[in-house]
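Biologist: Let us take a close look at a single part of this model. I would like the aromatic pairs, and then whatever surrounds them.

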Amino acid sequence: MKIQELKTPCYVIDEKKLRENLEILAGVQQRTGCKILLAQKAFSCFHEYPLIGKYLKGTTASGLFEARLGREEMNLENHVFSPAYREEEMDEIAGLCDHIVFNSFGQLEKYAPRLKGKSIGLRINPECSTQEDHAIYDPCAPGSRLGVTAKKFRENVKRSPQLLEALDGLHFHTLCEQNSDDLERTLAAVEEKFGQWLPRMKWLNMGGGHHITRADYDIDRLERCIRRMQERYGVEVYLEPGEAVALNAGYLATQVLDVVENGIQTLILDASAACHMPDVLEMPYRPPLRDSGKPGEKPWTYRLSSYTCLAGDIIGDYSFDREIQAGDRLYFEDMAIYSMVKNNTFNGIGLPDIAVMDENGDCRVIRSFGYEDFKERLS
């Protein structure tokens, strides 16, 4: 099938673009010797893990289920970080993961004695905010629960010097859809506040949020940052991008069910922001839509919404070169990331099919969902 023949709504993974992204990331690895992992929280389509595993060094997880998925479906390096671990899951996580990163000295003290043979890390908070547009994603904001500040790090090491001996590495994750100038600024804060402990570490994990595969991303600066930390402190460097792996490598195909008017014409779609692309409401942002423009830019302007009952289930306002009618198909872009991993069945709305599009443009459905998928989540 071609994409226009797929039943809607449907997520479509563009394997050509996915491979292009992976080649860029592999180039960074080859030139610097760093290791890049897939952050599964952004993209967990394990159908593509054999392809991803040809380019990247493994996966990183946010908890037990992602850790299992990474081990079962890619089976390369498998890392995990969680703000806190559940007692009853720790042994299984330890059996699945190579690197286990803690968020506090309390968790480190509790679990490290049980983790013989594992590489243990601690998340740090360099207290260097670089977020301007998305405060909800700023882990360096005042009062943040994510990462240990330099003050707390120093106090705990002074109290219990043996804690430092338990650590193999430090981890920070402060970026979101950002360029390498923000990484460079963050690294300066990391060195200023934690530099005295870095020479004792085996590795430094720079987390995710690096938009490496974006067209305007400064890869040269990124590579200079990586080399500087490698050469100055003798650490192995890890990166954990999620978006960069599947950036612009997916679509959400949808159909117009109706057109309603109440001061503005609204297209009622069989796709939903609330159900199928929650970041539209959570961040919020306006997803790209093929062959459209900003409101008023083209002759026909519409508000795009859904057939859920949520009044605020609004995707955004878009303009078109032609009148849009019921039955027309629309294609949202950059829909591989934070869509399939976050979707839901609010209102009993079904989950979209998942399809892959090969490098020749041919599509095939790899997963369909039905009533049982909705029902089995309930009681």
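This is a predicted model: local features need pLDDT of at least 70, side-chain atom pairs count only at pLDDT 80 or more; totals for chains, interfaces and linings use all residues.

Modeller: Take tryptophan 203 and tyrosine 238: their ring centres are 6.3 Å apart and their planes stand at 85°, so the pair is edge-to-face. The cut-offs behind that call are simple: centres must lie within 6.5 Å, and planes over 60 degrees apart count as edge-to-face. The two residues come from distant parts of the chain, 35 residues apart. Tryptophan 203 sits in strand β8 (residues 203-205), and tyrosine 238 sits in strand β9 (residues 236-239). Both tryptophan 203 and tyrosine 238 are buried.

Aromatic side chains also group elsewhere. Phe105, Phe153, Phe194 and Trp197 make up one aromatic cluster.

Now the barrel. Strands β8 and β9 are two of the eight strands that close into it. The order runs β2-β3-β4-β5-β6-β7-β8-β9, and the pairing is parallel. On average, neighbouring strands of this sheet are turned by 25° against each other, direction ignored. One pairing shows the detail. Strand β3 (residues 58-61) runs parallel to strand β4 (residues 77-81), and four bridges join them. There, alanine 61 stands opposite valine 80 of β4.

Next, the charged side chains. The count comes to 32 salt bridges, with a side-chain nitrogen within 4 Å of a carboxyl oxygen as the criterion. Start with arginine 159 and glutamate 109, whose closest N and O atoms are 3.2 Å apart.

Glutamate 155 and lysine 151 both lie in α6, four residues apart, about one turn of the helix. Their side chains meet at 2.7 Å, N to O. Glutamate 155 is partly exposed, with a relative accessible area of 35%.

A further salt bridge joins arginine 228 to glutamate 191, with the closest N and O atoms 2.8 Å apart. This pair again links distant parts of the chain, 37 residues apart: arginine 228 is in helix α9 (residues 219-233), and glutamate 191 is in helix α8 (residues 180-194). Arginine 228 is partly exposed, with a relative accessible area of 22%. Glutamate 191 is buried, with 14%. The line between those classes is drawn at 20%.

Some salt bridges join up. Glu87, Asp91, Lys110 and Arg114 are linked in a network.

Last, the surface. Leu281, Leu310 and Phe346 form a nonpolar patch there. Together they have about 230 Å² of accessible area. Leucine 281 is found in helix α12 (residues 279-282). With 36% relative accessibility, leucine 281 counts as partly exposed. That value also clears the patch cut-off, because patch residues need over 30%.

Technical notes
Residues are numbered from 1 along each chain as its sequence is written. Side-chain values use heavy atoms; hydrogens and water are left out. Patches are made of residues with over 30% relative accessible area and no salt bridge: like charges are joined within 9 Å, nonpolar side chains (Val, Leu, Ile, Met, Phe, Trp, Tyr) within 5 Å. Accessible areas come from the Shrake-Rupley method with a 1.4 Å probe; for residues, only the protein chains shown count as cover. Buried means under 20% relative accessible area, exposed over 50%, partly exposed in between (1.4 Å probe, protein chains only). Two strands pair if DSSP finds at least two bridges between them. Axes are lines fitted to C-alpha atoms, for helices over the stretch in contact, and angles run from 0 to 180 degrees between N-to-C directions. Rings of Phe, Tyr and Trp (its six-membered ring) pair if their centres lie within 6.5 Å; planes under 30 degrees apart count as stacked, over 60 as edge-to-face and the rest as tilted.
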